[in-house]
Amino acid sequence: MGKTTNFDPEKAAEQRKAEMKDITEKLEKGVQDVFGSEQFQNLLDTMAKFPHYSVNNNILIMMQKPDATLVQSYTGWKKMGRFVKKGEKGIRILAPAPFKLEKEQEKLDEAGKVILDKDGEAVKEKVEINLTAFKPVSTFDVSQTEGEPLPTIGVDELTGSVEGYQTFFEAIKAASPVPIGFEDIKSGAKGYFHVEDNRIAINNGMSEIQTVKTAIHEMAHAKLHNLEAQKDNKQSKNSKEVEAESVAYTVCQHYGIDTSDYSFAYVATWSQGKEMPELKESLNTIREAAADLITKIDAKVQELTAEKEPISFYVAECGEFHSMGEFHENLTLQQAVDIYKSIPSDRMNGVKTIGFVIKDDQLLANEYDLVVGNRLNMQEMKDILPELAEHPLVVKAADEITKLLPELNGTEKGAVKDAEKEESVSKKIKEKAKAARPKKAKTSKKKEEVAI
């Protein structure tokens, strides 16, 4: 007979309280220690990997696993087809735990005045308020898991070539809160944010890396230190520079841009004598500004890439009826293949498909299914739309997809199987539609005779 363990809620609550106290104490010490030159760089490196995590959780991740690159909960990894390796220790962070509380308060009228009853006493009412507490939870880094490979989505390749740099810098300019221009700056400065004119100037002729870093540094100034933001804030010049350069470093690190020449030496001097709330406020300011810029740059990169890319791909769980099951569009070929592989066969609503859309006004048709089920669909395309099948972008896509999906075939057997499944799905759709129609009442001849 198995051993029975009695759950003690009071003991569990005490354990949670003790763990929260331990985490809070670590955070307090972490914030004080982090402004040492090396520690501050380590924190910014962590924040570059996890721009949407709170400063508290970034510090906790850095303290427990500084080499972490992508963290998720156990359940989160499971949903992505990956599983935590046996014996791995979780990274403990703080997760919000919202709860509701019922509170009695005085009832107010539309003008905001207290409503009184016939005796002149304030009328009371019960209201529900939403509050947020925090609880310790376990997360795991991708290095602690195994399973399905992760799809690569984003701008990993953009910084490697001149073409990528141009698109990336266009995205930076589009994400900037103020206009960016180039000029010959005589003072020797790499760039500046003009507070009165509300614009950014960047020195001509610098390297790509220096240009990107300078642009983001000045964007941080434009976002955090403009006239409106500084109206009630007497921030020192040194403090502003710490924030702007820290944001620039964090954003550049996120995109894999080497900024190893950056120096943190003055950060330690700046932080001396600062109280805990002020230190944490600066960290929050840096994190929020970096996260906001990363989000905006990512969005602009995707937008610009989609505009310039003449061919995009879609994935349908049901090729015949796209509304059944999953449907994803505006994808790269690699993204389409990754999603296609991720659709499990045990819940497929028909034959899964990879298709393409080409931006070419000279074509009579610019959209077609490239992969249907387990076969490449090129022969059918050649028979029906030979001009589309011979388009260089389609030929290139077909060649690439056979390398990405070597298991594909073009056999009659595969085609017949897919056709049978498509016919089965069509039949189900028709049956559902027929069942949904209102049935006409049947009247027997016998009843008609009786009625007469």
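Which residue stands opposite Arg375 of strand 13? In this predicted model, where local features need pLDDT of at least 70, side-chain atom pairs count only at pLDDT 80 or more, and totals for chains, interfaces and linings use all residues, the answer is Val372. Residues are numbered from 1 along each chain as its sequence is written, and side-chain values use heavy atoms, with hydrogens and water left out.

Val372 belongs to strand 12, residues 367–372. Helices (H or I, at least four residues) and strands (E, at least two) are DSSP runs, numbered from the N terminus. Strand 12 and strand 13 (residues 375–376) run antiparallel and are joined by two bridges; two strands count as paired if DSSP finds at least two bridges between them. The hairpin they make has two residues between the strands, and Gly373 there takes a positive phi near 65°. Strand 12 also runs antiparallel to strand 11 (residues 353–358), this time with five bridges, and Ile354 has Val371 of strand 12 as its bridge partner. Five of the six residues of strand 12 are buried, so the rest of the structure largely encloses it. Buried here means under 20% relative accessible area, exposed means over 50%, and partly exposed is in between (1.4 Å probe, protein chains only).

Elsewhere, three strands form an open antiparallel sheet in the order 1-4-3. Strand 1 (71–72) and strand 3 (91–106) are at the edges with a single partner strand each, so one side of each has no neighbour in the sheet. Strand 3 pairs with strand 4 (residues 124–141) over 16 bridges, in the antiparallel sense, and Arg92 sits opposite Ser138 in strand 4. Helix 3 lies across strand 1 and strand 3, at about 155° to strand 3. That angle is taken between N-to-C directions, from 0 to 180 degrees, using lines fitted to C-alpha atoms, for helices over the stretch in contact.

The largest nonpolar core has 42 residues, and Ile172, Val212, Val247, Val251 and Ile297 have the most contacts inside it. Such a core is a set of buried Ala, Val, Leu, Ile, Met, Phe, Trp, Tyr and Cys residues joined through side-chain atoms within 4.5 Å. Helix 9 gives this core its largest share, nine residues. Val212 touches Tyr165, Phe168, Phe169, Ile172, Cys252 and Ile257, leaving aside residues up to four places away in sequence; contact means heavy atoms within 4.5 Å. A second, separate core of 27 residues includes Ile339, Met378, Met381 and Val394.

The structure also holds three aromatic pairs. Rings of Phe, Tyr and Trp (its six-membered ring) pair if their centres lie within 6.5 Å, with planes under 30 degrees apart called stacked, over 60 edge-to-face and the rest tilted. Phe168 and Tyr255 are edge-to-face, because their ring centres are 4.9 Å apart and their planes at 65°. Phe168 is in helix 5 and Tyr255 in the loop between helix 7 and helix 8 (265–271), so the pair ties together parts 87 residues apart in sequence. Both Phe168 and Tyr255 are buried. Tyr314 and Phe327 make a tilted pair, since their centres are 5.9 Å apart and their planes at 40°. Tyr314 is buried, with a relative accessible area of 4%, whereas Phe327 counts as partly exposed at 31% relative accessibility.
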